[in-house]
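Could you walk me through this protein structure, step by step?

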Amino acid sequence: QVQLVESGGGLVQSGASLRLSCAASGLSFNSGQMGWFRQAPGKERDFVAAIRYSGHTYYSESVKGRFAISRDRAKSMVYLQMDSLKPEDTAVYYCAAHPRGILSTIGDPNMYNYWGQGTQVTVSS
């Protein structure tokens with residue numbers, strides 16, 4: 001049974017850093033992809049970052065160079081390191097998994113079939 005549990009969100013000022021963690025149970029990281037998505041009030045859920053089973057990483061243009069996704073196979077953990085945070089990064093951040101996912105679906109939240117509960121990130125100016 002797959003379960004994703006997120007932690008690490010909080011309230012920070014512009015320019016600060018946060019690291020989000022996702023504890024994944026029931027996943028081997030040997031197929032498909034793991035992703036981070038975010039959703040602000042009244043807006044659609046948007047792609048942030050993803051990592052394939054191969055270890056290759058992918059990012060949205062808005063976070064490229066500031067955020068980094070990584071994983072620890074031994075601990076079954078996925079992380080999102082967020083640096084140089086901006087007010088526009090404010091959202092609920094979700095960890096998601098698509099064990100059968102192909103590369104063309106990596107940024108589509110409708111294709112991921114496992115989700116964490118979400119963790120709030122608020123960046124003040």
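Start at the N terminus and follow the chain: its elements run β-β-β-β-β-β-β-β-β-β-β. That gives 11 strands and 0 helices. Keep in mind as you look around that this is a predicted model.

Next, take in the overall form. The C-alpha trace spans about 40 × 25 × 25 Å along its principal axes. Of the 125 residues, 42% count as buried. The contacts tell you something about how the chain folds back on itself, too. Take the contacts between residues at least 6 apart in sequence: 59% of them join residues at least 24 apart.

How many salt bridges does the structure hold? The count is 3. Let's begin with the pair D89 and R38, whose closest N and O atoms are 2.9 Å apart. D89 sits in the loop between β8 (77-82) and β9 (91-98), while R38 belongs to strand β4 (residues 33-39), so this pair ties together parts that are 51 residues apart in sequence. Are these two residues buried or exposed? D89 has a relative accessibility of 1%, so it counts as buried. R38 is buried as well, with a relative accessible area of 13%.

D89 has another partner. It also forms a salt bridge with R66, and here the closest N and O atoms are 2.8 Å apart. R66 is in the loop between β6 (57-59) and β7 (67-72) and D89 in the loop between β8 and β9, so this pair ties together parts 23 residues apart in sequence. Both D89 and R66 are buried.

The remaining pair is E61 and K64, with closest N and O atoms 2.7 Å apart. Here the surroundings are another story. E61 has 64% relative accessibility, so it counts as exposed. K64 is partly exposed, at 47% relative accessible area.

Let's turn to the backbone, where a couple of residues are worth a stop. F29 has a phi near 65°, which is a positive value in a residue other than glycine. You'll find F29 in the loop between β3 and β4. With a relative accessibility of 6%, F29 counts as buried. S76 isn't a glycine either, yet it has a positive phi of about 55°. S76 is located in the loop between β7 and β8. Its relative accessibility is 22%, so S76 counts as partly exposed.

To finish, here are two residues that show who touches whom. S25 is found in strand β3 (residues 18-25). At 32% relative accessibility, S25 counts as partly exposed. Which residues does S25 contact, leaving aside its neighbours within four places in sequence? They are Q1, V2 and Q3. S7, on the other hand, is 18 residues from S25 in sequence, and their C-alpha atoms are 15 Å apart in space.

P99 lies in the loop between β9 and β10 (114-115). P99 is partly exposed, with a relative accessible area of 22%. Set aside its neighbours within four places in sequence, and P99 is in contact with L27, S31, G32, N113 and Y114. As for T57, it is 42 residues from P99 along the chain, and the C-alpha atoms of the two are separated by 15 Å.

Methods: Residues are numbered from 1 along each chain as its sequence is written. This is a predicted model: local features need pLDDT of at least 70, side-chain atom pairs count only at pLDDT 80 or more; totals for chains, interfaces and linings use all residues. Side-chain values use heavy atoms; hydrogens and water are left out. A salt bridge is a side-chain nitrogen of Lys or Arg within 4 Å of a carboxyl oxygen of Asp or Glu. Helices (H or I, at least four residues) and strands (E, at least two) are DSSP runs, numbered from the N terminus. Buried means under 20% relative accessible area, exposed over 50%, partly exposed in between (1.4 Å probe, protein chains only). Contact means heavy atoms within 4.5 Å.
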